[in-house]
Structure formats: structure tokens, C-alpha cells
Amino acid sequence: MTKRIKYTVHGEVQGVNFRSFTQSKASTYGLTGWVSNTSGGQVEGEAQGDDEAIQKLLKVLESGPPSASVTKVEKSEVDTKEGESAFTTK
């Protein structure tokens with residue numbers, strides 16, 4: 001079953017390749033969606049796909065790339081979106 005989540009990653013997550021890390025992992029897992037920096041120093045985004053792939057992404061978001069320091073990952077389910085074909089960086 002396809003679902004979509006919105007997530008926000010807190011900690012030292014900007015300037016450490018977090019967005020490219022997330023895009024690479026999400027694409028590998030077959031997810032669509034996006035990732036972006038926030039003006040408040042977090043990384044946020046949405047991911048859509050099957051539950052197993054989303055759980056894999058959430059697990060890697062908890063640690064991020066080697067130079068990141070994640071303190072918290074917030075997530076919530078949102079409505080799925082039609083027409084996405086890739087996972088992009090904004």
C-alpha cells in the first residue's frame with residue numbers, strides 16, 4: 001500500500017550533504033518526493049512509496065550522513081500525491 005509522510009530532521013543537518021544523502025537513499029528505495037533545507041536550520045521533506053521503503057528511509061534519517069548530528073526526526077502521514085516520478089532536492 002502506498003503512503004506518504006512529511007518529515008523534519010533536527011540537529012546539525014545543514015552543510016553536511018544531508019539533502020543529497022536523503023535523495024540518494026530515497027531513490028535507491030524507490031520513493032518519490034522531495035527534500036529541502038528550512039530557514040530554521042532543519043531539513044524537511046515528503047516521501048511516498050510502500051511502507052517498507054518509507055521505514056528504511058526513516059531509519060537512515062535518524063543518523064544521516066557521517067558528518068551530520070541528528071537529534072530528532074518528526075514525521076506525520078499526509079495525503080498521497082499523483083504524478084511524481086522522482087525524489088528531488090529543492
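With which side chain does the side chain of E46 make a polar contact of 3.4 Å? The partner is K81. A polar contact is a pair of N or O atoms within 3.5 Å; within protein, one must be able to donate a hydrogen and the other to accept it, and residues adjacent in sequence count only if both atoms are side-chain atoms.

This is a predicted model, where local features need pLDDT of at least 70, side-chain atom pairs count only at pLDDT 80 or more, and totals for chains, interfaces and linings use all residues. Residues are numbered from 1 along each chain as its sequence is written, and side-chain values use heavy atoms, without hydrogens and water.

**Residue E46**

E46 sits in strand β3. Strands are DSSP runs of E with at least two residues, numbered from the N terminus. E46 counts as buried because its relative accessibility is 10%. Buried means under 20% relative accessible area (1.4 Å probe, protein chains only). Its contacts (heavy atoms within 4.5 Å) include I5, W34 and F87, not counting residues up to four places away in sequence.

Strand β3 covers residues 43-50; 6 of its 8 residues are buried, so the rest of the structure largely encloses it. Two strands pair if DSSP finds at least two bridges between them.

| Strand joined to β3 | Bridges | Direction |
|---|---|---|
| β1 (residues 2-12) | 8 bridges | antiparallel |
| β2 (residues 32-37) | 6 bridges | antiparallel |

Q48 is the bridge partner of R4. Q48 is also the bridge partner of T32. β2 and β3 form a hairpin, with 5 residues between them. In that turn, G41 has a positive phi of about 95°.

Definitions and conventions
Buried < 20%, exposed > 50% of the residue type's maximum accessible area, 1.4 Å probe, protein only. Helix = DSSP H or I, 4+ residues; strand = E, 2+ residues; numbered from the N terminus.
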